[in-house]
Amino acid sequence: SIDYARQNGAHIINASWVSTNYSSMLYSAIRNCQSAGIILVAGAGNDGLDNEVVPNYPASYDLDNIVAVAATTRTDALADYSNYGATSVDLGAPGSEIVTPSNAGDTTYATVYGTSYCAPLASSVLALVKARYPADTHVQLINRVYAAVDPLPSLSGKCVTGGRINLAKAIGPSVGVNY
């Protein structure tokens with residue numbers, strides 16, 4: 001699926017799954033995306049563990065095109081189930097008490113938890129930043145998002161940026177918008 005996305009023009013890939021098993025094939029697919037300037041956003045995992053002690057893939061591959069995301073709560077705490085890593089997880093994003101449509105019916109909703117929900121949120125932020133700054137490289141886009149996080153005491157020492165993603169800061173001020 002990663003090769004398919006790369007071959008069909010993807011700019012950002014969401015990976016809302018984890019494994020503790022290293023895969024050279026998966027690593028190669030993501031490295032090929034790196035060469036193509038494609039960002040892969042990965043959930044850090046849901047075991048409440050340090051990814052530097054127990055690596056979770058694809059978040060733990062050492063590639064500059066991977067954005068590894070931990071889950072935060074509505075009070076900006078690191079979610080107790082979320083994996084973390086001072087050098088292996090990049091930032092936090094809301095991943096607890098997410099209200100989403102449910103497959104139980106056409107008008108039903110569910111409240112969900114997990115890094116499988118904060119990773120797509122981070123993917124969406126990166127996509128909007130890419131739309132705002134289309135000439136940026138994948139590294140420049142990622143750095144814009146990292147520089148714009150809201151620092152949180154709960155993420156200090158738990159992820160590279162020590163902060164939660166912030167779309168408004170990452171996109172920057174509005175230009176020429178009149179309503």
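Rings of Phe, Tyr and Trp (its six-membered ring) pair if their centres lie within 6.5 Å; planes under 30 degrees apart count as stacked, over 60 as edge-to-face and the rest as tilted. By that rule there are five aromatic pairs here. A heads-up: this is a predicted model, where local features need pLDDT of at least 70, side-chain atom pairs count only at pLDDT 80 or more, and totals for chains, interfaces and linings use all residues. Residues are numbered from 1 along each chain as its sequence is written, and side-chain values use heavy atoms, with hydrogens and water left out.

Q: Why does the pair of Tyr 22 and Tyr 57 tie together parts that are apart in sequence?
A: Tyr 22 is in the loop between β1 (12-15) and α2 (24-35) and Tyr 57 in the loop between β2 (39-43) and β3 (66-72), so the parts joined are 35 residues apart in sequence. Helices (H or I, at least four residues) and strands (E, at least two) are DSSP runs, numbered from the N terminus.

Q: What makes Tyr 22 and Tyr 61 edge-to-face?
A: The values are 5.3 Å centre to centre and 75 degrees between the planes. Tyr 61 also lies in the loop between β2 and β3, so this pair ties together parts 39 residues apart in sequence. Ring pairs link Tyr 22, Tyr 27, Tyr 57 and Tyr 61 into a cluster.

Q: How do you know whether Tyr 61 is buried or exposed?
A: Buried means under 20% relative accessible area, exposed over 50%, partly exposed in between (1.4 Å probe, protein chains only). Tyr 61 comes in at 5%, so buried it is. Tyr 57, at 11%, is buried too.

Q: Why is Asn 65 called buried?
A: Because its relative accessible area is 0%. Asn 65 is in the loop between β2 and β3, and its contacts (heavy atoms within 4.5 Å) include Ile 30, Cys 33, His 138 and Ile 142, not counting residues up to four places away in sequence.

Q: What makes Arg 144 lie over the face of Tyr 133?
A: The rule wants NZ of Lys or CZ of Arg within 6 Å of the ring centre and within 35 degrees of the ring normal. Arg 144 is at 3.5 Å from the ring centre and counts as lying over the face. Lys 158 does likewise over Tyr 84, at 4.2 Å.
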